[in-house]
Amino acid sequence: MNNIITGKCVDYTFDGQGIVKIKDRVIFVPALLKDEEAEIEILYRKKGFDVGKIKKILKFSDKRITPKCPCATACGGCSFQNLDYQEQLKLKFNYAKETLKRIGGIDKKISDIHGMNEPYYYRNKIQVPFGYDKQNRLVYGFYKFKTHDIIPIKECVIEDKVHVEILKTIKDLMLSMKIPAYNEDLNKGIIRHVLIRHGKVSKETMVIIVVTTLKFNSKKNFVKELIKKCPEVKTVVFNENPRKTNVILGNKEQIAYGRGFIFDTLLDTKFKISPKSFYQVNHDQCEVLYSLAFKKAELKKSDTILDAYCGIGTIGLIASKFVKEVDGVEIVNDAIKDARENIKLNNITNGNYTCGDAKNYMLKKKYDVIFVDPPRKGLEPEFLNALLKSGCKKIVYISCDVATLARDLKLLKEKYSIDSIDLVDMFPHTFHVETVCSLSLKK
């Protein structure tokens, strides 16, 4: 079969690739927009589908725009930077509506999708691999879509601008001090990744440098020059990861400068952010998301609430000012330590945080409202069963994956009515969308 075919994009995959159908074959094509026709090169075939790339667009969508980033179609970070932002919102709205109906049998109308006025430079966290290109030149950037080939970048237009100079400075220092990047093929070198976390309100910046060993030449001078050239950096942490693995962070950390953490403020509540803390990457849209969740919960001063999957306590501690008592449960001990420090930081007297499994905790006490904000895999069956047994009058489910939300709602709607569903675009130019769903116990 000819490796070059001509086809029309009829839809998108869940991760934003264009879908082309030719007879009984399906071809997935990154960066091809719906209704566009193109010459497509078939890169490889798998059982049931092909994967291709655009050779030439023959008919352009009137919704196509020029991406701000020249690497947008090659990097795996932005699926839709070439699509008009209002069209992105419509696409996410329709995808969520179709997924909820197909998987969950839910026809409940989605109230709204809350987009951004300025959908660029919103990420307060970046994690960047360092390595070498084919000419053995030191580079940093993002991995090419579904590969470990690094696409060099100068600026990422969805990341906070403060990251740009810090990354450039680190590269310059590595070259001048002859500190090698990690070569994963040879399994040698020092610096693997650089993570940067920035407080939108506090303006504090933390740099986490992932290294194969905590002992290497010029380390002290490296840190000294970094903070001299980038005074916005308030703390530098080295994370040791000697393993040959795709996991970015290792278990051992060493604070090289500052406190080893930064602060930031979310909805008038202050939070301590450690290197491994979960903290929403889009500050402004997170405030929209949580404000919506609290509104849907209809919180009262007499309420006792449970913040399951509480992390460092963001939802529960912000909500504490509106209710009688907050219990937070999280299986990650480091996150609970941060949550307890955040209680003290904000002088909160009605918050209790426990390290444990929420499914074992929620049946010990009667709650008026339970907030759940699980990872992408959604709620575990045991957790769902405990939730159904809890008899809680109100549940607010915050989801980062519409498909797993739909699956879980299919079970929850046996005992709960779905009151409302709203979408919040936390990640413009990507295929991700956040959902806030409120449920009430059936009478």
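Cys9 is buried, its relative accessible area being 0%, where buried denotes under 20% relative accessible area, exposed over 50% and partly exposed in between (1.4 Å probe, protein chains only). The structure is a predicted model, in which local features need pLDDT of at least 70 and side-chain atom pairs count only at pLDDT 80 or more, whereas totals for chains, interfaces and linings use all residues. Residues are numbered from 1 along each chain as its sequence is written, and side-chain values use heavy atoms, with hydrogens and water left out.

A disulfide was defined as a pair of cysteine sulfur atoms within 2.5 Å, and by this rule the count is 0. Cys9 takes part in no disulfide, the nearest cysteine sulfur being that of Cys78 at 18 Å. Cys156 is likewise in no disulfide; its nearest cysteine sulfur, also that of Cys78, lies 5.8 Å away. Cys156 is buried, with a relative accessible area of 14%.

Helices (H or I, at least four residues) and strands (E, at least two) are DSSP runs numbered from the N terminus, and two strands pair if DSSP finds at least two bridges between them. An open sheet of 8 strands has the order 6-21-22-20-19-16-17-18, with mixed pairing. Strand 6 (110-114) and strand 18 (351-355) form the edges, each pairing on one side only. From one strand to the next, the twist averages 15°, with axes fitted as lines to C-alpha atoms (for helices over the stretch in contact) and angles running from 0 to 180 degrees between N-to-C directions.

The bridge partner of Val372 in strand 20 is Tyr397.
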